Amino acid sequence: RKPAIASHSVCVECKRRGTICVMVQGTSCLGPVTHAGCGAICPSYRRGCYGCYGPMETPNTAALAREWLLRGASRRDVSRAFRSFNAAAEAFRKESLAHDD
């Protein structure tokens with residue numbers, strides 16, 4: 001059967017759990033552009049989301065990447081983050097290529 005994957009981001013799960021946003025604490029996180037479904041496990045342990053459930057329907061990866069760069073992440077860090085579990089997903093692949101040197 002087809003899995004029931006939520007249409008909202010991991011950020012919504014963090015808010016429901018009462019988890020403080022890890023990006024506010026200075027940690028890069030793919031939560032804003034990733035499908036929910038994990039219960040925000042990584043952020044609840046003060047780790048950024050790795051994007052396990054893949055990109056949302058219309059992720060704004062460019063805006064998230066810009067935010068990371070403003071917070072001091074390198075272009076290489078951004079590229080590598082989008083090349084984790086769902087590197088072949090179009091939105092993540094495209095964003096990772098945009099930050100290759």
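R46 sits in the loop between α2 and α3, and that is where I'd like to start. Helices here are DSSP runs of H or I with at least four residues, strands are E runs of at least two, and both are numbered from the N terminus. R46 is not a glycine, yet its phi is positive, at about 60°. Is R46 buried or exposed? R46 is exposed, with a relative accessible area of 67%. On that scale, buried means under 20% relative accessible area, exposed means over 50%, and partly exposed is in between, using a 1.4 Å probe and protein chains only.

A quick word on the model: it is predicted, so local features need pLDDT of at least 70 and side-chain atom pairs count only at pLDDT 80 or more, while totals for chains, interfaces and linings use all residues. Residues are numbered from 1 along each chain as its sequence is written, and side-chain values use heavy atoms, with hydrogens and water left out.

Now to A40, in the loop between α1 (10–17) and α2. A40 also has a positive phi, about 55°, although it is not a glycine. A40 is buried, with a relative accessible area of 0%.

Let's step back to the whole chain. With 101 residues, a compact globule would have a radius of gyration near 13 Å, and the chain agrees, at 13 Å. That radius is taken over C-alpha atoms, and the globule rule is 2.2 Å times the number of residues to the power 0.38. Of the 101 residues, 35% count as buried.

On to the aromatics. How many aromatic pairs does a search of the whole structure find? It finds 3. Rings of Phe, Tyr and Trp (its six-membered ring) pair if their centres lie within 6.5 Å; planes under 30 degrees apart are stacked, over 60 edge-to-face, and the rest tilted. The Y50 and F85 rings have centres 6.4 Å apart and planes at 90°, so this pair is edge-to-face. Y50 lies in the loop between α2 (41–44) and α3 (61–70) and F85 in the loop between α4 (75–81) and α5 (90–98), so the pair ties together parts 35 residues apart in sequence. Y50 is partly exposed, at 35% relative accessible area, whereas F85 is exposed, at 58%. Finally, ring pairs link W68, F82 and F92 into a cluster.
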